Structures are given as structure tokens and as C-alpha cells.
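Please keep the model in view while reading.

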Amino acid sequence: MVATSHPLAAQAGLRMLAEGGSAADAVVAAAAVMTLVEPCSNGLGSDAFGIVWDGQRLQGLNASGRAPAAWTPAYFRQRHGEAVAPPARGWDAVTVPGMVAGWMALHQRLGRLPLERLLAPAIEIAERGYAVPVVVQQKWAAAAQVESLVRQPGFAELFLPRGRAPDVGERFAMPGAARTLRAIARSGGEAFYRGEVAAALAAASAAQGGSMRTADLAGMAAQWVEPIAVDALGHRLHEIPPNGQGITALIALGILRRFDLAAMDPDGPEAAHLQIEAIKLAFADVYRFVAEPSAMTVGVQDLLDEDYLAARARLIDPRRAQVFQAGTPGDVHRRGGTIYLCAADEQGMMVSWIQSNYMGFGSGVCLPDWGISLQNRGHGFSLVDGHPNQVAPGHRPFHTIIPGFLTDADGAPRMAFGVMGANMQPQGHVQTLVRMLAHRQQPQAACDAPRWRFNQGLSINTEAHWPAATVAGLAERGHQVEPISDSYQDFGAGQFIWRLGDPAVEGYVAASDPRRDGAAVGC
């Protein structure tokens, strides 16, 4: 089974499974296609994370890039004055792209087919082109109106070749990307970080006033990590540890386990209010404490401490919305643009994978001859002295992209899943899991159901298909509710693969979010 936000990517992954490839092979093939067919969310210069059930154990993969060696606080003060964060566009927003290193690490450890075979579908599509779908075109057209994006080096040449965004159904090709993908396939990824592609990236950076050099690229390596987890609703949710925001979903579910959600109407204001308040508490801590692990002043174990989560849960008033501040984990004992896809094979391997530019097309910096668009993850750093997420050479910024994985309470694999969309991601994890686990909704129903989104303070958005009584009930509790009809831009989009039992006998159930152009396919 393969579930992605574009049918061509799903088909590419399915081809690998049909040819005897593993779920890891399917993910690499599908992920490569996604860089072409949804360029408004990811590209060859993206970052990535993954969680893999390899048939025996769960393991995580952090393929987020680090700051160039030149990125000190003094560097940004000299170039950007007293800004509180690096810019959102241009070379000073670009950390070393990590996604390709993630593909290589995944393939080297768990792949069965040659890399050339995995990248062949993407190379074909890059050269032949594809028909631009509805949702992607909407975001593409919106980006074409953003002056700070369009004026970046190479952007208009690569993505607005006719002086505009392509229309729905119009053919779009990226032959430069085929060139890069071939170089990656020939070299096992070496060309991207220590060969001809790296040389092109470093040359463009130097010519356009950037600080990224060949040594920065050569130092990139994806890191295998142990996922972090919390027990909730009879299962165990696993996320990638910081520098990502997956811990947000763990904190929120750890708080919500103190309430009887199963006894509540899944579409009623009582259940929605509790989830919103739990997410607010989680974000308050995450934005204060989560950063590159070596820079964090509070440990993951403190943020997930059972006594601390219980204390945070006691702050929730079932009848009143509140604005929460960060807590003091430890004291109880004395502190976008993103695509997600997943795949599962008949041997039981399941891969949860996410890759992203961050803010739509990212930094806007592009190398048209190579079909590369670069992320703007550097904007996730802080320039405030003493902040845990303060920029430093070689550090990784706070990341929003989070793959999810669910096991049974005994550790047996159950679901690879994710929900795209900036800070909507942990909110989407919580909402869909509550529906599936507390209310026994099947994955597609939980995916289709209406969502809310917390912004800041008391402000939330709701999708238009929420019951009117629920929206009124949230407003009565003090939430500042603004319904929005544009689901794609505001409420994320998910992909889900649920394991029924023995894959060879019972198989999987998969879902793909109607908020994007995707598909869930199987063989």
C-alpha cells in the first residue's frame, strides 16, 4: 500500500512494490516524484524526517539540515540588523538541504532495488512533464503573487516560465531536475553533497551573496534516532525527537488521556474544546523549550513526565478557553509547505515519511539548470540572545515537519501516518487519532472529518462543515472562532496506512486526504 498527496507519486511507489521492492523503496520513488508534482510544498532542496517499522523494531531518521559555518548571531546582526529571526526568503534562509541524504540513508539500510530504478519514474516525469492538478495550481498561483518570492534568483525562470503560474491541466516539466536525479542515482547521492551538484549550489551561493559553501554541504549526514513516545487511548504514539515539533502531539495526548473522550460526541464542542486546550498547553511548552537537542535547557523526559502532564491537564477548564504560558517542567519533582507519504509492504515493513520546503516554495532561491528549489528552514531559528533555538554554526533549527507512527500498547505496529501543514501537523495528529482511537472511526472517515486549527491566544479557525452547534459551543466557551472554507491552505492534509494484522493475509487499510490531490493505492 502507498498513500501520497499526488496519484503519480502513489503509482511510482506502487511500481516499486510490484517489482519486489520494499516499503522503503516505494517511499524513495514516491518522494522523488513528489518534488516534481507538488513543487509548491517540496523540492530537491528540502529537508525530511521518517519513522520506519523494519519488521522487528521502530527507528527514526532525522534528515534535517544544519546551519552553514558562517551563521553566527553576529553574521545576522551585520546583515539584518536587530531582526528576531533570519529572513524568510533568500540565501540567508537556506540551511543545508537534508532530504536527499535521508533518501540515501533509507535506501542503504532498507532498500532492495537499485537506486537507479527507484528514481526512474521521477526522471521520466521531470522530462515528459505532467498535468498540473487543482489544489497544487491554487497554491502555485497564490505564490506567483508574492513579490519577495518571485524576485529570488532563478524562481521565475523555473516556476513561471510563461510569466505566470501554470493553469489546471497545463503540462509542466523540469528537465533540470532530471539532470540532478540522474547524478544522484549514479553517485548514490554523493553528487548532491560532494560532487557536481554541490559545486553548483556553492557557486550559486557565492555569486548571489549567500554563505553556504562546499564544506557545509559535504558535512551533511542523515541521523538515525530513537523515536519518542507516549501511551494514550490504548495505543502508543511515536514521534521524532527534537529538533522537530512531534513532541507537541505527545504532550497534548498525554494531557488528554486524563479525560474520557470516548464518552463525548466526536463532533461536539466538549471534545473539541478539550483538544484545543491541550494543544495550546503543548505549544506553550514547545515554543519555549524545543530546539536543537544540544541547546535545550529542558529534557524530553521532563516535558513528557507523567506528573508534569497531569499538572498541565489540571489547568484546563472544561467550560472556559484560556491563554496558557509555558510551564516549569522538572519542578514537579523538585521544566507550509510540506508533503507527507507512507508505504507498507507484504513483509510488514511500514514507512512514515515527510519532506518539506517549509513556507510553500521555501526560500525562493532556485537553480533552474538543476531543477532545484531550496527550503527556508533557517527562518525557524531565533536571533534572540539566550533562546534555546538561537542560530549557531552547525545547529539544526526548530522544525515543523513530523511523521507519525502508532503501535499497539504491546509495541506491535499499527499505523504509519502524518498530517501536513506547518503548526497544523501536531493538531492534525491529535484530532485524527482521537477520532480513530477514542471514537472508533476508520481512517478515511477520521481523515474526512472537519478540523479546527489553533492560531494563538484565544483565536481558532474551523472548517465550514463543522456543526453550527459545535461552533456556537466553542464561542460560548470563549474561543474566538473564525470559520474558513479554504481547507487546503489552513487545515492540513493527511495520509494513513493502518495494518489490519498479518500483512500477507489480512493486509492494510489506507486513506488519503480530500484536501489535496492525492490517492491511496495498493496491490
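A salt bridge is here a side-chain nitrogen of Lys or Arg within 4 Å of a carboxyl oxygen of Asp or Glu. The model is predicted, so local features need pLDDT of at least 70 and side-chain atom pairs count only at pLDDT 80 or more, whereas totals for chains, interfaces and linings use all residues. Residues are numbered from 1 along each chain as its sequence is written, and side-chain values use heavy atoms, with hydrogens and water left out.

By this rule there are 26 salt bridges. One of them joins Glu-190 to Arg-194, with the closest N and O atoms 2.9 Å apart. Both residues belong to helix 10 (residues 190-194), and because they are four residues apart, about one helical turn separates them. Helices (H or I, at least four residues) and strands (E, at least two) are DSSP runs, numbered from the N terminus. Glu-190 is partly exposed at 39% relative accessibility, and Arg-194 is partly exposed at 42%. Buried means under 20% relative accessible area, exposed over 50%, and partly exposed in between (1.4 Å probe, protein chains only).

A second pair, Arg-79 and Asp-92, meets at 2.7 Å, N to O. Arg-79 is partly exposed at 41%, while Asp-92 is buried at 5%.

Arg-57 and Glu-226 also form a salt bridge, at 3.7 Å from N to O. This pair links distant parts of the chain, 169 residues apart.
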